[in-house]
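Here is a short briefing to read alongside the model. Please keep the viewer open as you go.

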Amino acid sequence: MKLFRTDLITGFTDRLFEIPVDSLDKSDLVFSSGIIRCLCSSESFPNGFKIKGTVTVPYLFECDRCLDMNSDERKIPFTVWVTEDTKLIDKVNLDTLFFPNTADEIDLMETIYDLIHIEIPVKYLCSNSCRGICVRCGVNLNHQSCECLEQSENTVLEA
Ligand SMILES: [Zn+2]
Ligand SMILES: [Zn+2]
């Protein structure tokens, strides 16, 4: 997602960028749609520009319990500062990117990619009441029941 210096100087509000997921060039993620949308605004500050917006990511997560794939669109807010002032960069602020005054454009792809990754949950359940998969016959118990469960429940009751 490239932003041109000329556009940053002018400033913009709620501009929509559509990022094809193919351009992420990372195979460890799957999405329910081919487009990640980024709506953002830009304003100047003394040595650079502040870019603020929201990335809408059409995630497709696998439930840890039943292994079903679930689409889960999330809106991730972000703010980045791009600046030619290396003193600001030195503060080890990940939200600040170096934008030398010789550069005509800056690519925010890495920032977007990091945002997408931060939002991925370590553990994901399709719902808190997900019934998971039967360990004996492998059916998804959210969609159908099986006899194994009833038998084991009976066993428990009898015990
Ligand atoms: Zn589930
Ligand atoms: Zn079963």
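Predicted model: local features only at pLDDT ≥ 70, side-chain atom pairs only at ≥ 80, totals over all residues.

Residues are numbered from 1 along each chain as its sequence is written, while chains are lettered from A and ligands numbered from 1 in the order in which they are written. Helices (H or I, at least four residues) and strands (E, at least two) are DSSP runs, numbered from the N terminus.

**The sheet**

- An open sheet is formed by 5 strands in the order E2-E3-E4-E5-E6, with mixed pairing; two strands pair if DSSP finds at least two bridges between them.
- The edges belong to E2 and E6, each with a single partner strand, so one side of each has no neighbour in the sheet.
- From one strand to the next, the twist averages 30°, with axes taken as lines fitted to C-alpha atoms (for helices over the stretch in contact) and angles running from 0 to 180 degrees between N-to-C directions.

**Strand pairs**

- E3 and E4 are antiparallel and share 9 bridges; here Cys40 has Gly53 in E4 as its bridge partner.
- Strands E4 (residues 48-62) and E5 (residues 69-83) are also antiparallel, joined by 15 bridges, and Glu62 is partnered with Met69 in E5.
- A hairpin is formed by E4 and E5, with 6 residues between them.
- E5 runs parallel to E6 (residues 96-98) through 3 bridges, and Trp81 stands opposite Thr96 in E6.

**The nonpolar core**

- A nonpolar core is a set of buried Ala, Val, Leu, Ile, Met, Phe, Trp, Tyr and Cys residues joined through C-beta atoms within 7 Å.
- The largest one has 19 residues, of which Cys38, Val82, Ile106 and Ile112 touch the most other members.
- At least two residues of this core come from each of E3 (35-45), E4, E5 and helix H3 (109-118), and E4 gives the most, with 5 residues.
- Leaving aside residues up to four places away in sequence, Ile112 touches Met1, Ile19, Cys38 and Val55, where contact means C-beta atoms, placed from the backbone, within 7 Å.

**Positive phi angles**

- Most residues other than glycine have a negative phi.
- Asp14, in strand E2 (residues 12-20), has a positive phi near 50°.
- Leu67, in the loop between E4 and E5, has a positive phi of about 65° without being a glycine.
- Asp14 is exposed, with 9 other C-beta atoms within 10 Å, and Leu67 counts as exposed with 12; by C-beta atoms placed from the backbone, 20 or more others within 10 Å make a residue buried, 12 or fewer exposed, and counts in between partly exposed.

Note on methods:
Contact = placed C-beta atoms within 7 Å.
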